[in-house]
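Please read them with the model open.

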Amino acid sequence: MDGKVVVITGAGSGIGRELAREAARRGARLALSDVDVDGLAETVRLVGAETSAEVHSDRLDVTEQAAVAEYAGRVVDQFGVVNLVVNNAGIAFTGSVEQSGYKDIARVMDVDYWGVVHGTKEFLPHLIASGDGHIVNISSIFAILSVPTQNAYNAAKAAVQQFTESLRMEMLAAGHPVDVTCVHPGGIRTAVARSAGAAEGLDSATFATIFDAKFARTEASTAARVILDGVERRRARVLVGPDAHVIDALVRLFPAGYQKGTVAVSRHFGVV
């Protein structure tokens, strides 16, 4: 990764911030973006305090295709090349299908799925041109195991998985010099659950408290190391956290049966 240009969206906190710090330690040059300019500035400060990495940061809303297209061109102008793009930006929303509004579901899909599509399509020509490109799309273990009240998030992350796997096959078939990796984090200690929206009458803080206390067992810094190790090994699929490995095996063994167990666990914790 030494000297490579690494683009990371959603770099203002959580996994995105730790990816930036870890990539900088490995010698990368960074193009960082987020809608949270204060969080992004803190990431830049941390990277600067720890390394001498070249860093450019920009406010970017990944739901805006034209803005992402302009940003991709600006990154190439600044660095001359792009080697690795990590489509990491994401949000969550708590609410049953019955409770959730169309706008609530659409917002999650816009950020979590279309943000990945925009980042992939706008940077892909530059990655091909680099001769040594790599796209990393952050899905979730919730793409493999769905949970109640997270239907929009489940759907968006499953769409990211299928989109990414299709892209990998297309790059292989075309002989393009671009590796593609789909990442499935398990319970990671980030702010995504705490900052999630919620349907009227629900308190997303309840879900966030349960998630953080019972399921978020892996530090974001550990997740970043696992992800970048997978990138350096050119892996197609990266599971992050011991829970992700357990859940992946569980769903393979009980593809329909796991659902009753998940409902029982959700009722136990008062999620449904």
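How many nonpolar, polar and charged residues are in the lining of the second largest pocket? There are four nonpolar, three polar and four charged residues. Keep in mind throughout that this is a predicted model.

1. H1 against H7. Helix H1 covers residues 14-25. Its axis and that of H7 come within 8 Å and cross at roughly 60°. The two helices are therefore oblique to each other. The crossing of H1 past H7 is right-handed.

2. Residues between H1 and H7. On the H1 side, the contact uses Gly14, Ile15, Glu18, Leu19, Glu22 and Ala23. H7 answers with Ala220, Ser221, Ala223, Ala224, Arg225, Ile227 and Leu228. By class, the contact has eight nonpolar, two polar and three charged residues.

3. H3 against H4. Helix H3 spans residues 65-79, and helix H4 spans residues 102-130. Their axes come within 9 Å, with a crossing at roughly 30°. An angle under 35 degrees counts as roughly parallel, so H3 is roughly parallel to H4. H3 passes H4 in a right-handed crossing.

4. Residues between H3 and H4. H3 brings Gln65, Val68, Ala69, Tyr71, Ala72, Val75 and Val76. They meet His118, Gly119, Glu122, Phe123 and His126 in H4.

5. H4 against H5. Helix H5 runs over residues 151-174. The axes of H4 and H5 come within 7 Å and cross at roughly 15°. That makes H4 roughly parallel to H5. This crossing is right-handed. From H4, the contact takes Ile105, Val108, Met109, Asp112, Tyr113, Val116, Val117, Thr120 and Leu124. From H5, it takes Asn151, Ala152, Tyr153, Ala155, Ala156, Lys157, Ala159, Val160, Phe163, Leu167 and Met171. These residues divide into 16 nonpolar, two polar and two charged.

6. To check on screen. H4 has contacts with H3, including His118 and Phe123, and with H5, including Ile105 and Leu124.

Note on methods:
Residues numbered from 1 in each chain as written. Predicted model: local features only at pLDDT ≥ 70, side-chain atom pairs only at ≥ 80, totals over all residues. Heavy atoms only, no water. Nonpolar A, V, L, I, M, F, W, Y, C, P; charged D, E, K, R; others polar. Axes fitted to C-alpha atoms, helices over the stretch in contact; angles between N-to-C directions. Helix = DSSP H or I, 4+ residues; strand = E, 2+ residues; numbered from the N terminus. Parallel < 35°, antiparallel > 145°, perpendicular 65-115°, else oblique. Left-handed = near helix turned anticlockwise from the far one by under 90°. Contact = heavy atoms within 4.5 Å.
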